[in-house]
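Student: I have just opened this one and would like to go through it slowly. Could you take my questions as they come?

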Amino acid sequence: MKNPANKTVVEKIRPEITSILDKKGYVLFDLTLRSESCGKVLRITIDSKKGAGIEDCGEMSKLISGYLDSD
């Protein structure tokens, strides 16, 4: 992560995202925040013992988005 501000944001949100995933049986494999031409992009990679498919990613995305959008 080249931008120190991005690293700070990731460190701040990592524990809550990890908790959300743990409650549903998933593990956080990777979490990155990048500045791209379209703006900031948060990329979250998950896994579980049974594997993580498209549906799993969609469900976790909704839960995490709810957390990120909350005050």
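Student: Is C38 buried or exposed?

Tutor: Bearing in mind that this is a predicted model, C38 counts as exposed, because its relative accessibility is 66% and the cut-off for exposed is over 50%.

Student: And how many disulfides does a search of the whole structure find?

Tutor: The search finds 0 disulfides, and C38 is accordingly in none, the nearest cysteine sulfur being that of C57, 19 Å away.

Student: Changing topic, how do α1 and α2 cross?

Tutor: Helix α1 covers residues 4–23 and helix α2 covers residues 54–69, and their axes come within 10 Å and cross at roughly 140°. That angle makes α1 oblique to α2, and the crossing is right-handed.

Student: Which residues meet there?

Tutor: From α1 there are I13, E16, I17, I20 and L21, which meet M60, L63, I64, Y67 and L68 of α2. Sorted by class, this contact has 9 nonpolar residues, 1 charged residue and no polar ones.

Student: Where does T18 lie?

Tutor: T18 lies in α1 and is partly exposed, with a relative accessible area of 24%. Between T18 and I54 there are 19 Å in space, C-alpha to C-alpha, and the two are 36 residues apart in sequence.

Methods:
Residues are numbered from 1 along each chain as its sequence is written. This is a predicted model: local features need pLDDT of at least 70, side-chain atom pairs count only at pLDDT 80 or more; totals for chains, interfaces and linings use all residues. Side-chain values use heavy atoms; hydrogens and water are left out. Helices (H or I, at least four residues) and strands (E, at least two) are DSSP runs, numbered from the N terminus. Buried means under 20% relative accessible area, exposed over 50%, partly exposed in between (1.4 Å probe, protein chains only). Axes are lines fitted to C-alpha atoms, for helices over the stretch in contact, and angles run from 0 to 180 degrees between N-to-C directions. Angles under 35 degrees count as roughly parallel, over 145 as roughly antiparallel, 65 to 115 as roughly perpendicular and the rest as oblique. A crossing is left-handed if the near helix is turned anticlockwise from the far one by less than a right angle, and right-handed if clockwise. Contact means heavy atoms within 4.5 Å. Ala, Val, Leu, Ile, Met, Phe, Trp, Tyr, Cys and Pro count as nonpolar, Asp, Glu, Lys and Arg as charged, and the others, Gly among them, as polar. A disulfide is a pair of cysteine sulfur atoms within 2.5 Å.
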